[in-house]
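Try each task before you read its solution.

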Amino acid sequence: MKKLLLLLTAILGGSGLVARAQTDKDLAILKSQSLVVVLKDEEPDKLKKLAKKPGELEAYKSFVANYNALIQELAPKIWQFSPSVEFKHESELAALMKDKGYQHGVFKHDNFTVLQHLGGGAARGGAIYTSESQTAFLLSIISNGTQRTIAPVPMAPGVVRTSDVIFCLKMLQHHLQGRASGKSSGKMTEDGTRLQAKILLLDEAELNGKLSAADIKQVYPFPFQLVPRETIETAIKDADARYACLRILPVSGSMTALVIMDPADGTMLAMSVGGMGLKSGTVVNKGNLNDFARAAGGK
């Protein structure tokens, strides 16, 4: 579990690989300037590709419109680390980069391809690589005409839910506040004992189909409820402190982290290595629930 914590810490930029002076400069920019939240544009290439597929074309247009409406509603309410939030379309970023004096934090949702080195090199007849598609919310800094990602928060591909936006914004702020306070290096930690006083909401669709409520109670003796996704979305949007909610973080194609978050403040309460995987549609198994129970018991 410690290895997974270190991995997630590294993902959020707290691995210590970034010079402290650079980190302080990034924090100063984020705290003193407005956060630029990027709105999606309809991509001409994708529109052309889907021109003869009216159903998929409409779904794509709806995705862009719904995302922009959602992020414009939530970001100003949730993001408090910067003095304000402003919105720019993705097509406007290139012009901002040309201004050498422009210094702002940038928050955007993106799909990208990661090239991974599997081994080998010149001495072994050539290196072996594989490519992997990933989706994440990216927090970046634009400064001196360059843009650097300082903290990616991985996401499951597909529809962006209200809970995705809320948790990503809260998780990033929790991480940044820890670094800014000087009391924390930004490393991710668990606060599982708080789970004992909360009701863990589990999405019925994400459970291994063989798990019944009685099975869950055997390995997780603390309060829980099996609910539809809508109930979880409401608890997160309302920041309801009575509950704890599961969030799936796809760390890589072969590893998924299951993280229990407090919807009230976005802190992490417990975590476990993923179950059957995102593609199967069921991700939570007995082993994951046992990890959550140990965290709740302070072990």
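The exercises below concern a predicted model, and each comes with a worked solution.

**Exercise 1. Get your bearings: how many helices and strands does the protein chain have?**

Step 1. Count the elements: the protein chain has 9 helices and 10 strands.

Step 2. Turn to burial: of the 299 residues in the chain, 45% are buried.

Step 3. Look at the contacts between residues at least 6 apart in sequence: 67% of these join residues at least 24 apart.

**Exercise 2. Find helix α6 and work out what span from first to last C-alpha is expected at 1.5 Å a residue.**

Step 1. Helix α6 covers residues 162-181, which gives 20 residues.

Step 2. Now check what comes after the helix. Gly182 follows α6, and its phi is positive, near 80 degrees.

**Exercise 3. Why is α6 described as largely enclosed by the rest of the structure?**

Step 1. Buried means under 20% relative accessible area.

Step 2. By that cut-off, 16 of the 20 residues of α6 are buried, so the helix is largely enclosed by the rest of the structure.

Step 3. Look at the largest nonpolar core, which has 45 residues; Phe137 and Val165 are among those that touch the most other members. To this core α6 gives the most, with 8 residues.

Step 4. Pick out Phe137: its contacts include Asp164, Val165 and Cys168, and also Tyr67 and Phe107.

Step 5. Apart from this core lies another, of 23 residues, including Leu202 and Phe222.

**Exercise 4. Describe how α6 packs with helix α8.**

Step 1. Helix α8 spans residues 229-237; its axis and that of α6 are 9 Å apart, at an angle of about 35 degrees.

Step 2. The crossing of α6 with α8 is left-handed.

Step 3. On the α6 side, Thr162, Ser163, Ile166 and Phe167 make the contact; on the α8 side, Arg229, Glu233, Ile236 and Lys237 do.

Step 4. Sort these residues by type: 3 are nonpolar, 2 polar and 3 charged.

**Exercise 5. Is Ser143 buried or exposed?**

Step 1. Locate Ser143 in strand β4, residues 128-143.

Step 2. Its relative accessible area is 9%, so Ser143 is buried.

Step 3. Find the neighbours: Ser143 touches Lys25, Ile29, Tyr102 and Gln103, leaving aside residues up to four places away in sequence.

Step 4. Finally, take Asp26: Ser143 lies 117 residues from Asp26 in sequence, yet their C-alpha atoms are 9.2 Å apart.

Definitions and conventions: Residues are numbered from 1 along each chain as its sequence is written. This is a predicted model: local features need pLDDT of at least 70, side-chain atom pairs count only at pLDDT 80 or more; totals for chains, interfaces and linings use all residues. Side-chain values use heavy atoms; hydrogens and water are left out. Helices (H or I, at least four residues) and strands (E, at least two) are DSSP runs, numbered from the N terminus. The expected span of a helix is 1.5 Å times one less than its number of residues. Buried means under 20% relative accessible area, exposed over 50%, partly exposed in between (1.4 Å probe, protein chains only). A nonpolar core is a set of buried Ala, Val, Leu, Ile, Met, Phe, Trp, Tyr and Cys residues joined through side-chain atoms within 4.5 Å. Contact means heavy atoms within 4.5 Å. Axes are lines fitted to C-alpha atoms, for helices over the stretch in contact, and angles run from 0 to 180 degrees between N-to-C directions. A crossing is left-handed if the near helix is turned anticlockwise from the far one by less than a right angle, and right-handed if clockwise. Ala, Val, Leu, Ile, Met, Phe, Trp, Tyr, Cys and Pro count as nonpolar, Asp, Glu, Lys and Arg as charged, and the others, Gly among them, as polar.
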